[in-house]
Amino acid sequence: MDIHNQVLRQLRNRRDGFSLEQPFYIDQDYYQLDLEMIWYRDWLFIGHDCEVAKPGNYVTLQIGDYPVLVIRGRDGEIRAFHNTCRHRGHRVCTKDTGSAVRLVCPYHQWTYQHDGSLMSARHMGENFDKSQYGLKPVHCRSVAGYIFICLAQEAPDFAPVHAMLEPYMVPHRLSEAKVAHQNTIIEKGNWKLVWENNRECYHCAGNHPELCRTFPEAPTATGVQGAADDPVIAEHWARCESAGLPSEFVMSTDGQYRVARMPLIEGAESYTMTGKRAVGRALSDDVKISHIGTMLLFHYPSTWNHLLGDHAISFRVTPIGPEETAVTTKWLVHKDAVEGVDYTIEELTHVWDMTNDQDRQIVEENAFGIRSPAYEPGPYSQAHEGGVMQFVEWYSNFMINRLQGDQAKLSVVA
Ligand code: FES
Ligand SMILES: [Fe+2]
């Protein structure tokens, strides 16, 4: 049986409320199918507008087999291209980030403009038509300081994503922020295990002493059910919304992305050991109240986020192999905040550095156990793991839709 039909059959027969079967977490062919059906075809968060603040600033990244380049042009526009030279395919930009007046391929110096057009190619003869050899474009959109790309020939409509995210995120003015610190960790586990772990706080009390000082482990905060019925959350939403901060839980109909503003515990304002702000300078001048909690955004399969009063943290998930995933964390502060005066990197990053490493260990031990021939799908907690069930249902429906080309609908949507 070919892999498409095998995966389709397994997902259609999936036991509801249970984890996936072993090959979804370890098998090379299943991983390849994930890349082709999801990662090569949908919108992916890659970084922030402020990382390419000036014309010529660029960032590169690798999605499966695709090297990609994102650059801001002289016209201010942010564009994405396949980072593969139209001469013989050398990567045009070989660094993670940089700034270039023109993009010069290191191999034979074919030279491209910021808009991808080929400007010069030495010794290619009189009849060489440069207009045929521009860098191949990749779909690129930016919303409220977040850059998304899509590798597909025809990208899914980005307008609904834009419409949902923009009002929630614009007040935080992340397009004017700066990345104070970032790091990338490698987790030896399938990308779906990274997400399953992210979508519940059933594990938090036993694993995250630093995070639990400020982040509520209640499933209403992390999951998909019951947030509106929680009086603490309802009051938080009312207070923030009356201050001009959209806050209520909203999820796309297919369950791929959601926004919601959640309170932190016991009057905490930020993810620090004391609960006090890590950054003296507020992230946004448009936020007029304190104690706004955390604006949670996820967009499967590539990002989850926490937007606080004093800083924001973005997380980018990048699959590396069937059992290897990179997680890149960026801490954003107001562009005028000064390190050593308004914040220290140690205090800003401590809680999530610890939390990320704890999650890495969890994911790796989870992957370790799943490799056992004795592993079989286990039941999720209805009370605490609604978010995980929602993720697995999204994944399953998304794959089924793409594999068979029709529309299954999510049943678990708050
Ligand atoms: S491969 Fe880029 S110039 Fe030759
Ligand atoms: Fe965790």
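The protein chain of this predicted model is divided into domain 1 (43-158) and domain 2 (159-371), with bounds that come from an automatic or database domain assignment. The C-alpha centres of domain 1 and domain 2 lie 30 Å apart. Contact, meaning heavy atoms within 4.5 Å, involves 19 residues of domain 1 and 27 residues of domain 2.

The size of an interface is often given as the accessible area lost when the parts come together. Between domain 1 and domain 2 about 1800 Å² is buried, and carbon and sulfur atoms give 65% of this area; buried area is the accessible area (1.4 Å probe) that two parts lose on being put together, summed over both. Of the area that domain 1 buries against domain 2, Phe-45, Tyr-146 and Phe-158 supply 30%, more than any other three residues.

A salt bridge is a side-chain nitrogen of Lys or Arg within 4 Å of a carboxyl oxygen of Asp or Glu. The structure holds 13 salt bridges, and one salt bridge is found across the interface of domain 1 and domain 2. Two of the salt bridges are listed here.

| Salt bridge | Closest N and O atoms |
|---|---|
| Glu-51 with Lys-330 | 3.0 Å |
| Asp-34 with Lys-192 | 2.6 Å |

The pair of Asp-34 in helix 3 (residues 28-39) and Lys-192 in helix 5 links distant parts of the chain, 158 residues apart. Helices (H or I, at least four residues) and strands (E, at least two) are DSSP runs, numbered from the N terminus.

Lys-192 also takes part in a helix packing: Trp-191, Lys-192, Trp-195 and Glu-196 in helix 5 meet Val-388, Phe-391, Val-392, Trp-394 and Tyr-395 in helix 10. By class, this contact has seven nonpolar, no polar and two charged residues, where Ala, Val, Leu, Ile, Met, Phe, Trp, Tyr, Cys and Pro count as nonpolar, Asp, Glu, Lys and Arg as charged, and the others, Gly among them, as polar. The axes of helix 5 (residues 191-198) and helix 10 (residues 386-404) come within 8 Å and cross at roughly 145°. Axes are lines fitted to C-alpha atoms, for helices over the stretch in contact, and angles run from 0 to 180 degrees between N-to-C directions.

Most residues other than glycine have a negative phi, and most peptide bonds are trans. His-123, not a glycine, has a positive phi of about 55° and is found in the loop between strand 8 (118-120) and strand 9 (137-143). The peptide bond from Tyr-300 to Pro-301 is cis, with omega near 5°.

Residues are numbered from 1 along each chain as its sequence is written, and chains are lettered from A and ligands numbered from 1 in the order in which they are written. In this predicted model local features need pLDDT of at least 70, side-chain atom pairs count only at pLDDT 80 or more, and totals for chains, interfaces and linings use all residues, while side-chain values use heavy atoms, with hydrogens and water left out.
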